[in-house]
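This briefing is intended for a reader who is new to the structure shown below. Please keep the sequence and the model in view while reading.

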Amino acid sequence: MFKAKKRFIAGAVCPRCSEMDKLTMYTEDEKDYRECVGCGFKEQMRLQSAPKELDTRVNKTKEERDAEVQPVKLIDPGESN
Ligand SMILES: [Zn+2]
């Protein structure tokens, strides 16, 4: 399990070193942080609009999804019986 899942913020510019695509964001203790991998800049984000893709959502594996969608066998019951 990921304790802190860091994701790069595409197109984000670090307010400290002005480097683009160096900022990551992650959630810890239900708080959102962003951190720059270039200069070490880190701050807590106050916005709660970050997509929740952590443990709160039921993540199904591909096998589980495939098991749910079972191929339907079309059998014509009215075939000269
Ligand atoms: Zn930076």
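Helices (H or I, at least four residues) and strands (E, at least two) are DSSP runs, numbered from the N terminus. Two strands pair if DSSP finds at least two bridges between them. This is a predicted model, in which local features need pLDDT of at least 70 and side-chain atom pairs count only at pLDDT 80 or more, while totals for chains, interfaces and linings use all residues. Residues are numbered from 1 along each chain as its sequence is written.

**Overall composition**

- The chain holds 1 helix and 4 strands, and from the N terminus on these elements follow the order β-β-β-β-α.
- Of its 81 residues, 6% count as buried, a residue being buried if 20 or more other C-beta atoms lie within 10 Å of its own, exposed if 12 or fewer, and partly exposed in between, with C-beta atoms placed from the backbone.
- Two residues are in contact if their C-beta atoms, placed from the backbone, lie within 7 Å.
- Among contacts between residues at least 6 apart in sequence, 18% join residues at least 24 apart.

**The sheet**

- The 4 strands form an open sheet in the order S1-S2-S3-S4, with antiparallel pairing.
- Its edge strands are S1 and S4 (42-45), each of which pairs on one side only.
- S1 pairs with S2 (residues 23-28) in the antiparallel sense over 2 bridges, and Phe8 stands opposite Thr24 in S2.
- S2 and S3 (residues 31-36) run antiparallel and are joined by 6 bridges; here Glu28 stands opposite Lys31 in S3.
- S3 and S4 also run antiparallel, joined by 4 bridges, and Tyr33 has Gln44 in S4 as its bridge partner.

**The hairpins**

- The hairpin of S2 and S3 has 2 residues between the strands, and Asp29 takes a positive phi near 55 degrees there.
- In the hairpin of S3 and S4, 5 residues lie between the strands, and Gly40 takes a positive phi near 90 degrees.

- Lys6 is located in the segment before strand S1 (7-8).
- Lys6 is partly exposed because 14 other C-beta atoms lie within 10 Å.
- Leaving aside neighbours within four places in sequence, Lys6 is in contact with Thr24 and Tyr26.
- Lys6 and Glu35 are 29 residues apart in sequence, and their C-alpha atoms are 8.9 Å apart in space.
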